[in-house]
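This report describes a protein model part by part. Please look at the sequence and the structure before reading on.

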Amino acid sequence: MNLASRDIRHNFGRFVLTTIGLGLLLMIVMGMGGIYRGLVQEATLLVDRVDADLWVVQKDTRGPFAEISRVPPNLEDRIRAVPGVSSSRGFVSTTIQRERNGRAMRITVQGLDWPEDRGQWLPIVAGRALGQAHYEMIADESLKLSLGERLKFAKDTYTVVGLTRAMSSPSGDSMAFFTLQDAQAIQFDLSGEAVRLERSARYSRAGRIDLGRSQPQVIERTLGPSSQLPALGPLAISAVLVKVQPGVDPSQVKAIVAQWPDVSVYTADGQRSLLLGGFVDRSRRQLGLFRLLLIIVSGVIMALILYTLTLDKIHDIAMLKLIGARNGVILGLILQQALLLGGLGYVVAYYIGQWLFPAFPRRVVIIPQDLWMLAGVVVGISVLASLLGVVKALRVEPSEVLA
Amino acid sequence: MNASLGQSEAVLEATDLTKIYGSGHTEVVAVRDATLSVARGEIVALLGPSGAGKSTLLTLIGLILPPNEGRIVIGGATVFEDHRTQVNVRRYRRQHLGFVFQKANLIPFLTAAENVRLAMEINDHPSRAAKRRAMELLDYLGVAERAEHLPSKLSGGEQQRVAVARALANRPSLILADEPTAALDSVRGRQVMELFRKVAHEQNAGVVVVTHDHRALDIFDRTLEMEDGKLRGSSPAHVN
């Protein structure tokens, strides 16, 4: 005869409510782990997917995700000349915030090096990759844009031609992909008035130097577009992505490029480590500590619940001892209830989490390894939490029946 | 006095039992040099005013509390001697003793039948056999139709009958009852007392009942009086 199940049946309502309460607590513990996994996945998503062996960035910076990196676009050509390099392409990454339907919409703008890179490597779930050099974009479905929708960024209007799934930046913002030139146009957009003021300032500066005073055409040129001024370089890009030839060790190419005084170079793993070692690491530790606290709180609450359940049964336990029940019968009653409470709380946590986590604004990734680990922790805290009740039960004297 | 199973029909022989609570200024002698013997098939009433030590004596005999002095022999086996328990107390209780108290003390989350079964299952009886005997006992005690009810759904008399069934479950050689009819009306109280008599005679068990109810003394084979922790001899019930 299983005493634990019969006691639960007798106090079914209380047991159900207790289980749900514990389940909600465990769901938060589960969610914390999922949020951490989500952070890691978001942080490394692009590095993992973009299929680059090396990332070449501005000297002494940690790459486009950790901080601002600006390199000249002709760096692509220089790198392409390095022995062992198969291809190189520019990469632009910037985050913008726009209003849409009265709500803030944050987008991480990624530039693809058209025509070599059209975004064919992206997980496109609807529509297609980029099909022309300008005015098309691929958006993540989390931006809630629809195919064919037209949006104005900077001075141009872009049409959504493809939708990706689960593409977000390390900071959790949804990504949108444009050609490199379009991404730069969005990144470096200036208002008409700002352009006019810059040209006027340029004109004034040129007029103050001998060259301007002696060459009136030079002054006139300063009033034209920046792209037509040979003295001004083209717009910078964030990084250059390098793919090495098959059979070539990326570290060999890295060793060559690393000698250049104007750039720093990282392998894909190095870039990944930089991402994980930066803000993800701090978030991980923060979440880890919070998770630990929640586990302790869950354990304490479980211990109190089980202790209270034991106190409620003190008279019955005394009676069991009086009629000769072994300690195993009494411990089994408490321990089985603890494990059932923990186990069912875990199941409640899992199913509520499955229903709730997808609605979270940032990704929550629950992996089997974490689920098994938490299951082990739940068994552990169930056993530990029952100790208080067990000690109390063992100290009960059969003579308490007579009290 | 040493009694062995072969020499005597006594199911209980308690000799010079003494129980002292507290020490020094707070010392209370609850039972002093109590000696009693109960034969198989005999039902004995233990009478006396409140605080006389009746219930304490019962807890000593029932191996619930250890005496400070004395010797207890149950079914011919010495279970307490020289300040030490000579047996595994809990095993001995479940195998040889049956208890009934003023309150039925049924496990509230088990049905009547399960309460009886539990006593047998913790004594390693197979589940199916325990189930069958539980129903037989409940039938014997007239509460078979209430077998699947929880204690909270039973009347006081029914609960006490189930408690008696539980006490009989393992065919104990000695049944100890502490004011089992205190919470019952006189009719039901007498019914329970008659039940004990029936059990004692039919199952050849010794029964010791602590009671205040002098109206049912004719049921007992013998009565013992206690006062201030001392047993005041015994007399056949019909004399009182």
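## A residue in strand 2 of chain A

I96(A) lies in strand 2 of chain A, residues 85–100; strands here are DSSP runs of E with at least two residues, helices are DSSP runs of H or I with at least four, and both are numbered from the N terminus. This residue, I96(A), is partly exposed, with 16 other C-beta atoms within 10 Å. The term belongs to a scale on which a residue is buried if 20 or more other C-beta atoms lie within 10 Å of its own, exposed if 12 or fewer, and partly exposed in between, the C-beta atoms being placed from the backbone.

Not counting residues up to four places away in sequence, I96(A) touches I107(A), V109(A) and I186(A). Such a contact means that the C-beta atoms of two residues, placed from the backbone, lie within 7 Å. Between the C-alpha atoms of I96(A) and L331(A), which are 235 residues apart along the chain, the separation is 61 Å.

## Basis of the model

The model is predicted: local features need pLDDT of at least 70, side-chain atom pairs count only at pLDDT 80 or more, and totals for chains, interfaces and linings use all residues. Residues are numbered from 1 along each chain as its sequence is written, while chains are lettered from A and ligands numbered from 1 in the order in which they are written.

## Domains of chain A

Chain A is divided into domain 1 (3–42 + 280–402), domain 2 (72–188 + 235–261) and domain 3 (197–230), with bounds that come from an automatic or database domain assignment. Taken over C-alpha atoms, the centres of domain 1 of chain A and domain 3 of chain A are separated by 75 Å.

## Where the chains meet

The contact between the chains takes 17 residues from chain A and 22 residues from chain B. On the side of chain A that touches chain B, helix 1 (3–10) and helix 11 (314–322) of chain A are the elements that give two or more residues. Helix 11 of chain A gives the most, with four residues. By class, this side of chain A has nine nonpolar, three polar and five charged residues. Ala, Val, Leu, Ile, Met, Phe, Trp, Tyr, Cys and Pro count as nonpolar, Asp, Glu, Lys and Arg as charged, and the others, Gly among them, as polar.

Seven of the nine residues of helix 11 of chain A are buried, so this helix is largely enclosed by the rest of the structure. The buried residues are D316(A), I317(A), A318(A), M319(A), L320(A), K321(A) and L322(A). Their cover includes helix 12 (327–356) and helix 13 (368–395) of chain A, together with helix 2 (89–96) and strand 7 (97–100) of chain B. After helix 11 of chain A comes G324(A), whose phi is positive, near 100°.

## Two helix pairs

Helix 12 of chain A and helix 13 of chain A pack at an angle of about 145°, with their axes 8 Å apart. Axes are lines fitted to C-alpha atoms, for helices over the stretch in contact, and angles run from 0 to 180 degrees between N-to-C directions. The residues of this contact divide into 17 nonpolar, five polar and no charged.

In chain B, helix 3 (residues 112–121) and helix 4 (residues 127–140) pack at an angle of about 130°, with their axes 8 Å apart. These two helices of chain B are therefore oblique to each other; angles under 35 degrees count as roughly parallel, over 145 as roughly antiparallel, 65 to 115 as roughly perpendicular and the rest as oblique. The residues of the contact between helix 3 of chain B and helix 4 of chain B comprise nine nonpolar, one polar and four charged.

## Backbone details

Most residues other than glycine have a negative phi, and most peptide bonds are trans. The peptide bond from W114(A) to P115(A) is cis, with omega near 5°. P115(A) is in the loop between strand 3 (103–112) and strand 4 (124–127) of chain A.

Phi of A154(A) is positive, near 50°. A154(A) sits in the loop between strand 6 (150–153) and strand 7 (156–164) of chain A. D16(B) also has a positive phi near 50°, and D16(B) lies in strand 1 (residues 10–21) of chain B.

## A buried loop residue in chain B

D213(B) is found in the loop between strand 9 (206–210) and strand 10 (222–227) of chain B. With 20 other C-beta atoms within 10 Å, D213(B) is buried. Leaving aside neighbours within four places in sequence, D213(B) is in contact with T181(B) and G189(B).
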